[in-house]
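The entries below follow the order in which I looked things up.

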Amino acid sequence: MSQSVNTIYLLHKYIQLSIKADNFCIDATAGKGKDTVFLANLVGEKGHVLAMDVQPAALEATEKLLQQRNLLQRVELILDGHEHLSRYAEAGTVDCIMFNLGYLPGGDHKIATKPETTIAALEQGLQLLKPSGIISLAIYHGGDTGFVERDAVLSWLKQLDCKRYTVLLTDFYNRPNYPPLAVIIIKEEI
């Protein structure tokens, strides 16, 4: 294996197994645009991606990256917080929602995801997912306020009905400096 295994690598591998051309996906925390590009490639020309962020600089970076890769036509960029997901998609229509929790890499650490808005977004996300749809979470939790958000999200995940959702959690247990946790939520077909 030429690429080192990390949180994003694991999440991307799982998503690649689940997402097909023509799917509808949401990048709920666009950041620098790498996950948006990843999703836009997976859904193909007939698919659609929404990319959201609260920071104009994040959406500008995402747009630039999409233009460089000739993928902008597959993506709708939205300046809004992920706690407003349900404004942009109908219940039962989304195949995948990706979240990277924390702050914009290289950005202001005071502008970061928060437990209350993240959990509100996750609750809405569960409603938006199709049966067999997935939510991925990269939970960056070192320093600043990341531990508070991590603990709140993990507590929320633990209470999800196991008949309706499967939650997979991966921790790089022997790595230093609080590597991000990888979480996949699968909406079961009932």
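Before looking at helix pairs I noted the convention that a crossing is left-handed if the near helix is turned anticlockwise from the far one by less than a right angle, and right-handed if clockwise. Helices (H or I, at least four residues) and strands (E, at least two) are DSSP runs, numbered from the N terminus.

I am working with a predicted model, in which local features need pLDDT of at least 70 and side-chain atom pairs count only at pLDDT 80 or more, while totals for chains, interfaces and linings use all residues. Residues are numbered from 1 along each chain as its sequence is written, and side-chain values use heavy atoms, with hydrogens and water left out.

**Entry 1, the sheet.** I looked up the strand order and found an open sheet of seven strands, β3-β2-β1-β4-β5-β7-β6, with mixed pairing, where two strands pair if DSSP finds at least two bridges between them. The edge strands are β3 and β6 (165–170), each of which pairs on one side only. From one strand to the next the twist averages 15 degrees, with axes taken as lines fitted to C-alpha atoms, for helices over the stretch in contact, and angles running from 0 to 180 degrees between N-to-C directions.

**Entry 2, two parallel pairs.** Strands β4 (residues 94–101) and β5 (residues 129–139) run parallel and are joined by seven bridges; the bridge partner of I97 in β5 is I135. Strands β2 (residues 48–53) and β3 (residues 75–79) also run parallel, with five bridges, and A51 stands opposite L77 in β3. With helix α3 (residues 56–68), β2 and β3 make a right-handed β-α-β unit, meaning that, with the strands pointing away from the viewer, the path from the first strand over the helix to the second runs clockwise.

How far apart are the axes of α1 and α2? I found them 11 Å apart, with helix α2 (residues 34–43) packing on α1 at an angle of about 20 degrees. The crossing of α1 and α2 is right-handed.

The crossing of α2 and α3 is right-handed.
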